[in-house]
Amino acid sequence: MANEVWARGDAYEAYVGRWSRPVAARFLDWLAVPPGRRWLDVGCGTGALTGTVLAAAAPAEVTGVDASEAFLALARSRLTDRSAARFAARFIAGDARALPVPDASADVVVSGLTLNFVPEPATAVAEFARAVAPGGLVAAYVWDYADGMAMMRHFWDAATSLDPAAAALDEGRRFSICSTGALSGLWSAAGLSGVTTRPIDTTAVFVDFDDYWTPFLGGTGPAPGYVASLSEEHRATLRDLLRERLPRAADGSIPLLARALAVRGTAA
């Protein structure tokens, strides 16, 4: 079994964090929240969505919650030279299933690329609904691992062609909530109304094959954890197969679809 750890913020950034920022910006455009609101970012990770809220949504305050102290440390460090942002944001350790915040303490609760990793997502969404004020907005997005997150789709298709047992680790198979129907069901079950979903597409452009492959050596996340578990020979075979299969543009870059699935609803 691969070692699925989330202990290195820098490794996560190189692997998938860098592709989350364009998605976060389009997500906020969709939400269109007026300025001056209190935001809660659940599973804030290294701060991609929190930073986008600070830059684009003119919040009164933002609280980021994450279970990884390493990710929180990186999120905090990004505000070092942004004095205004430091006063508007705080980061605290906590579990999405038992948020360390009072009832109705946020006007907007958001979660980016996290919910599928929570063991009991329905419990987490119920906590989102508890933490938001009446009439407030609860929204989230997850990667479309089955079809729309091409960097991982190419990886797992190659990995399982060499090792059928790798299929058990494939996020597209494991994360059944990563669909608009499943997300809509979770939001409705939590008592949220006006539930809507949509895909958010962007393009992850890798400058060359090394830019694609090297982050898989970082050990943070399911696929990098799987790579770390392989023998040197097997790892090299997988690398070479991916090098052969990945599409390339005329300049040698590798442009791949990065699709997220988003959901929103309103508290009673």
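A salt bridge is taken here as a side-chain nitrogen of Lys or Arg within 4 Å of a carboxyl oxygen of Asp or Glu. The structure is a predicted model, and by this criterion it holds 12 salt bridges. Side chains of opposite charge can pair when their charged atoms come close.

One of these salt bridges joins E127 and R130, whose closest N and O atoms are 2.7 Å apart. Both residues belong to helix α5, which spans residues 121–131. E127 counts as buried because its relative accessibility, 12%, falls under the 20% limit. R130, with a relative accessible area of 25%, is partly exposed.

A salt bridge is also found between the side chains of R259 and D144, with an N to O distance of 4.0 Å. This pair links distant parts of the chain, the two residues being 115 residues apart. R259 is located in strand β7 (residues 254–266), whereas D144 lies in the loop between β5 (132–143) and α6 (150–162). The relative accessibility of R259 is 23%, so this residue counts as partly exposed. D144, at 8%, counts as buried.

A further salt bridge is formed by R153 and D170, with 2.4 Å between the closest N and O atoms. R153 lies in helix α6 and D170 in the loop between α6 and α7 (171–174), so the contact ties together parts of the chain that are 17 residues apart in sequence. Both R153 and D170 are buried. The two residues also take part in a network of salt bridges that links R153, D157, D170 and R173.

In soluble globular proteins, nonpolar side chains tend to be buried together. The largest nonpolar core in the model comprises 90 residues, and the members that touch the most others are F27, F155 and Y212. Helix α1 (residues 9–31) provides the largest share of this core, with 9 residues. When residues up to four places away in sequence are not counted, F27 touches L49, V110, A139, A140, Y141, I200 and A262.

Technical notes: Residues are numbered from 1 along each chain as its sequence is written. This is a predicted model: local features need pLDDT of at least 70, side-chain atom pairs count only at pLDDT 80 or more; totals for chains, interfaces and linings use all residues. Side-chain values use heavy atoms; hydrogens and water are left out. A nonpolar core is a set of buried Ala, Val, Leu, Ile, Met, Phe, Trp, Tyr and Cys residues joined through side-chain atoms within 4.5 Å. Buried means under 20% relative accessible area, exposed over 50%, partly exposed in between (1.4 Å probe, protein chains only). Helices (H or I, at least four residues) and strands (E, at least two) are DSSP runs, numbered from the N terminus. Contact means heavy atoms within 4.5 Å.
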